[in-house]
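Welcome to this guided tour. Please open your viewer and get ready to select a few residues.

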Amino acid sequence: DPLVHIIYPRFGSVSGRTDVIVRGQFMPTTTLLCRFGIKVVDALFVSETEIVCRAPTARHPAVMAVEVSVNGRDFSTSEVHYRYHEQFYLESITPALSPSIGGVTTVIKIGGTALDEDMQFVCRFNTSHTPAIVIDNSFISCISPAASSSEGGVVPVSVSANDGVDFVGSIDFRYFPGQQSETMFLSPTHGPESGGTQVEVRGLAGFGSATADLLEGLNGICRFGNIVVPATDISDDGISMVCTSPPKQEGSTSWLSVDVAYQPTEEALTTNGAVFIYDENVDLYDIWPAMGPLTGLTPVRIRGGPFVVGSSDELLCRFGEQIVVGTWHSKGEVGCVVPAIDVGSESVIVDVNVAINGQDFSESSLRYTYHPLVTVTKILPSHGPVSGGTIVAVEGEHFDSSSALTCWFGSVPMTPIEQVNSTQLICEAPPTLRPSEVEVHVSLNGFVPPYNVSAYAQIYGYEEVLRIDKVDPPFGPSRGNSSIIVSGGPFVDYGSKSEMHCRFG
């Protein structure tokens, strides 16, 4: 009987025509077949452990078992699966250029199908293959290989989702002449179109044994494309210098080749061609939540962009004068954790800006409000049944008006029924599964307060729903004033008879 062990590749487009290598145990026959789901195709015998089958088309993405028959009728039952994905296409590649030595991290946008990390992506630059990683469901990233010629030129870029078996698409990618030094590099490698980025050029040859008197009056330069600017600083050992990027010229490309010289003469410039890329201006549209406590630690999402994919320490958020490292979510969203601020106990509003190169913050800004710590000092009643529905008066400080004002019973949020004033709210206790105690606290932004809530909360106790089993005596005179015994429970002694009441009628 035939037996399928593994197949390669395990992925293919719904358009079919992928040659799939099937490994297992087979015998040469004239009726050797492969079956993908319910579709049967001819198989090519290679050896007793390997055959090749061409995947048929599929109507839609699916996972199908691949089985083999040696008699044209009975198929194996090995349950080895082949996965069909939608036919995808290439939308763009950024940046679309590289020095001929390669080494540039590119981001390719894929359309037509959602990507996942199980797919085995490979990029092909002309004939050179390089592995790719999935960034999210629309983008992959790969590093440009060295060009076949130091003279550069335009090459096609294609992408495979099945480890280089089938390639799709063709986007032009340009290599420019010259070799980028393996030791010379820029930090940061990108900045805003308005210019002004302090670019450090590292990995230079250095001054060797030159004495200080020989170096006196040295004036370095950097050339960004065809614009020459003076160096603002040169390290004592000469292995790095700093220059300010000029504004992007109208009609020019978004990238520049950067060269440097220790002397202010263009003849002394290097020809390494390190790449500097101009970023589109970042616009910020929205921050959520837009307020939080003075203690910070509130996670916020900032929408806008475009936020380029860079190194982890290049994405920064600035709240007033304080800077924190951000987290890249997508080209249109980043996340930050708000830092604490020391302004006493008053509310304060600060500007929020984002930098995508670790240095230049966006001119576009948003507003974030720091508010004093919200404190709960008293709740009444302080306990109720597990069925919920108890109306609880919550007293405290700094219950400022907010569309996201929230009462929290443990980890359960409840919108207040009424805001009486800045020190009192009326909230309804939610139901819970079993008797327990939870902390009751209040937030202004709809989030669980990120600080230690125990110091600012009150305890609410959940108890079993009361039941009445017996009333003795069951009747009395109409004038009232009869003492009766109510049996049932469970009745909890909270140390105050004023919290326990009987209702007649």
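A strand here is a DSSP run of E with at least two residues, and strands are numbered from the N terminus. With that in hand, select serine 92, which lies in strand E9, residues 89–94. Keep in mind that this is a predicted model.

**Stop 1: serine 92**

Serine 92 and serine 170 are 78 residues apart in sequence, and their C-alpha atoms are 9.9 Å apart in space.

**Stop 2: the whole protein**

Zoom out for a moment. The protein has one helix and 44 strands. Of its 505 residues, 42% are buried. The accessible surface comes to about 26400 Å², and carbon and sulfur atoms account for 51% of that. How many of the contacts between residues at least 6 apart in sequence join residues at least 24 apart? The share is 60%.

**Stop 3: the disulfides**

Colour the cysteines next. The structure holds five disulfides. Counting bonded cysteines along the chain, the pattern is 1-2, 3-4, 5-6, 7-8, 9-10.

Start with cysteine 123 and cysteine 142, which form a disulfide with sulfur atoms 2.4 Å apart. This pair links distant parts of the chain: cysteine 123 sits in strand E12 (residues 122–125) and cysteine 142 in strand E14 (residues 139–143), 19 residues apart. The link is left-handed, with -90 degrees about the S-S bond. Both cysteine 123 and cysteine 142 are buried.

Move on to cysteine 222 and cysteine 243, another disulfide, with sulfur atoms 2.0 Å apart. Here cysteine 222 is in strand E20 (residues 221–224) and cysteine 243 is in strand E22 (residues 240–244), so the pair links distant parts of the chain, 21 residues apart. Which hand does the disulfide of cysteine 222 and cysteine 243 have? The torsion about its S-S bond is about 70 degrees, so it is right-handed. Cysteine 222 counts as buried at 0% relative accessibility, and cysteine 243 is buried with a relative accessible area of 0%.

Now select cysteine 317 and cysteine 336, whose sulfur atoms are 1.6 Å apart in their disulfide. They too link distant parts of the chain: cysteine 317 belongs to strand E28 (residues 316–319) and cysteine 336 to strand E31 (residues 333–337), 19 residues apart. Cysteine 317 is buried at 0% relative accessible area, and cysteine 336 counts as buried at 3%.

**Stop 4: serine 144**

Go back to the end of E14 and select serine 144, found in the loop between E14 and strand E15 (153–160). Is serine 144 buried or exposed? Its relative accessible area is 3%, so serine 144 is buried. Not counting residues up to four places away in sequence, serine 144 touches Ser98, Gly102, Gly103, Val104, Phe125, Phe173 and Tyr175.

**Stop 5: backbone details**

Most residues other than glycine have a negative phi, and most peptide bonds are trans. With that in mind, look at a few places in the loops.

- Aspartate 163 has a positive phi, near 65 degrees. It lies in the loop between E15 and strand E16 (168–176), and at 35% relative accessibility it counts as partly exposed.
- Histidine 398 also has a positive phi near 65 degrees. Its loop runs between strand E36 (391–397) and strand E37 (406–409), and at 29% relative accessibility histidine 398 counts as partly exposed.
- The peptide bond from tryptophan 288 to proline 289 is cis, with omega near -5 degrees. Proline 289 is in the loop between strand E25 (283–288) and strand E26 (291–293).
- The peptide bond from glycine 305 to proline 306 is cis, with omega near 0 degrees. Proline 306 is in the loop between strand E27 (299–305) and E28.

**Stop 6: a cavity**

For the last stop, look inside. A search of the whole structure finds two cavities of 30 Å³ or more. Which residues line the second largest cavity? Select Phe224, Ile227, Pro246, Pro247, Gln249, Ser252, Leu256 and Tyr278. By class, this lining has six nonpolar, two polar and no charged residues.

Notes
Residues are numbered from 1 along each chain as its sequence is written. This is a predicted model: local features need pLDDT of at least 70, side-chain atom pairs count only at pLDDT 80 or more; totals for chains, interfaces and linings use all residues. Side-chain values use heavy atoms; hydrogens and water are left out. On a 1 Å grid over the protein atoms alone, a cavity is a set of points where a 1.4 Å probe fits but cannot get out, and a pocket is an open set with protein on both sides within 12 Å along at least five of seven lines; lining residues have an atom within 4 Å of a point. Grid points are joined across faces, edges and corners, and a volume is the space filled by probe spheres set on the points. Ala, Val, Leu, Ile, Met, Phe, Trp, Tyr, Cys and Pro count as nonpolar, Asp, Glu, Lys and Arg as charged, and the others, Gly among them, as polar. Helices (H or I, at least four residues) and strands (E, at least two) are DSSP runs, numbered from the N terminus. Buried means under 20% relative accessible area, exposed over 50%, partly exposed in between (1.4 Å probe, protein chains only). Contact means heavy atoms within 4.5 Å. Accessible areas come from the Shrake-Rupley method with a 1.4 Å probe; for residues, only the protein chains shown count as cover. A disulfide is a pair of cysteine sulfur atoms within 2.5 Å.
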